[in-house]
Amino acid sequence: MNALENFSKTYFSLGLAVAGSQKIEEDGFSYCRSPLPHPVCNFALAHDLDPWSVRRLRDLAAEADPFPVYFASGKNSDHADALLKRTGFQVAYQLVQMDADPVVEEIPVQVVEAHAIEEKGLLASFMIDQFFARQPASFRRVVAQATADSGLSIEGFYEQGQLAAAMMLCVTPDCVGVYNLGVRSARRNRGIGSNMIRSALTRGKQLTLQCEESLVPWYVRLGFRQSGILTVYSFQKA
C-alpha cells in the first residue's frame, strides 16, 4: 500500500502540474483530467473495481484519448482484469514493482538536488530525453515541464561540470519512490546509474520503483525484491 500511495502522489503531482488539470475521486478509482490530450494529465488509478466503476471508466476513456488506467496487483487482480477486458480495455504494458530496504553507507556519488526553476527545467528535460528518447519531442516537452513544475525532487550527478545523470524522487511518509532515472548515453555502463540508486537507498526509508521486466535482474543486484505488478490498460474504441 505504501508503494501505491507513493505512485499515486507522483502521478497526480505530475498531472496536476499541467494547467487546467483536476483530480477527481470516484468509487473504485481516482483520475486526472485535462483539456490537454496527453497521458501525463489524463489517466486513472484504479484500486477497487466492480462492474459499475469499470463502466464509468469506460465512459471516461471513450471521451479522452489517451486515457491509461493503472491497476496494481492485489487479491482482486484477476477479477479486475476480467472486468476491464470484458468492458473493452486491454493490457497496454506491465511494470514490475520493486522495493528495497534502506542502507547505511557512504554515498558513492555526490547527488545534487535542483532548487531553482531554471535548474529544475534543465534536469527535467535531460531526464525525460534519456528516459523517453523514442517519444516525439512534443510528448517529451509536456512531461519535462510537468516534471519541473510538479514539486517533486529532481536530482542530478555532475562530472567535470557536465550533467551525467538525473532522477526524480517522490518522498511519502513511509518510502521514497524513484522515477525517471536517466544517464547520459556516453556515460552509461560505468556504474553511475547504480550509484544514483545507492544514494537513494541511504535516505532512511524503503525505496520503491516500477521498472520493465528486463531491468529486474539489475535491480535485484542492488538489493531490490519484486513486490507486485503494475498493469496499464488502454481502452479500445469502436
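**Figure 1. The largest nonpolar core of this predicted model has 31 residues.** Phe7, Val40, Phe43, Leu45, Tyr70, Leu123 and Met168 have the most contacts inside this core. Helix 1 (2-16), strand 3 (43-46), helix 4, helix 5, strand 8 and strand 11 (225-235) each supply at least two of the core residues. A second, separate core has 26 residues. Val111, Val183, Leu207 and Tyr219 are among them. In soluble globular proteins, nonpolar side chains tend to be buried together.

**Figure 2. A close-up of leucine 45 and its contacts.** Which residues does leucine 45 contact, leaving aside its neighbours within four places in sequence? They are Phe7, Ser8, Phe12, Phe29, Ser30 and Tyr70. Phe7 and Tyr70 also belong to the group with the most contacts inside the largest core, as does Leu45.

**Figure 3. Helix 4 spans residues 117-131.** Its 15 residues, at 1.5 Å a residue, should span 21 Å. The end C-alpha atoms of helix 4 are 21 Å apart, which agrees. Lys120, Leu123, Ala124, Phe126, Met127 and Ile128 are buried in this helix. What covers these buried residues? The cover includes helix 5, strand 7, strand 8 and strand 9. An α-helix has 3.6 residues a turn, so residues three or four places apart point the same way.

**Figure 4. Valine 142 sits in helix 5 (residues 137-149).** Not counting residues up to four places away in sequence, valine 142 touches Leu36, His38 and Val40. Val40 is one of the residues with the most contacts inside the largest core. Where does threonine 231 lie relative to valine 142? The two are 89 residues apart in sequence and 23 Å apart in space, C-alpha to C-alpha.

**Figure 5. Strand 8 (residues 162-172) pairs with strand 7 and with strand 9.** Is strand 8 mostly covered or mostly open? It is mostly covered, with nine of its eleven residues buried. Strand 7 (residues 153-159) runs antiparallel to strand 8, and seven bridges join the two. Isoleucine 154 stands opposite methionine 168 in this pairing. Strand 9 (residues 175-183) is also antiparallel to strand 8, again with seven bridges. Here valine 171 faces valine 176 as its opposite residue. Strand 8 and strand 9 form a hairpin with two residues between them.

**Figure 6. The turn between strand 7 and strand 8 holds glutamine 160.** These strands form a hairpin with two residues between them. Glutamine 160 has a positive phi of about 50°, although it is not a glycine. Is this residue buried or exposed? Its relative accessibility is 86%, so glutamine 160 counts as exposed. Asparagine 189 also has a positive phi without being a glycine, near 65°. That residue lies in the loop between strand 9 and helix 6. Asparagine 189 is exposed, with a relative accessible area of 84%.

**Figure 7. Glutamate 63 and arginine 33 form a salt bridge.** The structure holds nine salt bridges. In this one, the closest N and O atoms are 3.7 Å apart. Glutamate 63 lies in helix 2 (residues 51-63) and arginine 33 in strand 2 (residues 29-33), so the pair ties together parts that are 30 residues apart in sequence. Glutamate 63 counts as exposed, at 58% relative accessibility. Arginine 33 counts as buried, at 19%. Why buried? The cut-off is under 20% relative accessible area.

**Figure 8. Arginine 225 and aspartate 101 form a salt bridge.** Their closest N and O atoms are 3.1 Å apart. Arginine 225 is in strand 11, while aspartate 101 is in the loop between strand 5 (89-100) and strand 6 (111-113), so the pair ties together parts 124 residues apart in sequence. Arginine 225 is partly exposed at 36% relative accessibility. Aspartate 101 is partly exposed too, at 46%.

**Figure 9. Glutamate 155 meets arginine 203 in a salt bridge.** The N to O distance is 2.8 Å. This pair links distant parts of the chain, 48 residues apart. Glutamate 155 is in strand 7, and arginine 203 is in the loop between helix 6 (192-201) and strand 10 (206-211). Glutamate 155 counts as buried, at 6% relative accessibility. Arginine 203 is partly exposed, at 32%.

**Figure 10. The peptide bond from aspartate 65 to proline 66 is cis.** Its omega is near 5°. Proline 66 sits in the loop between helix 2 and strand 4 (69-72).

Terms used: Residues numbered from 1 in each chain as written. Predicted model: local features only at pLDDT ≥ 70, side-chain atom pairs only at ≥ 80, totals over all residues. Heavy atoms only, no water. Buried < 20%, exposed > 50% of the residue type's maximum accessible area, 1.4 Å probe, protein only. Helix = DSSP H or I, 4+ residues; strand = E, 2+ residues; numbered from the N terminus. Pairing = 2+ DSSP bridges. Contact = heavy atoms within 4.5 Å. Expected span 1.5 Å × (residues − 1). Core = buried A, V, L, I, M, F, W, Y, C linked by side-chain atoms within 4.5 Å. Salt bridge = Lys/Arg side-chain N within 4 Å of Asp/Glu carboxyl O.
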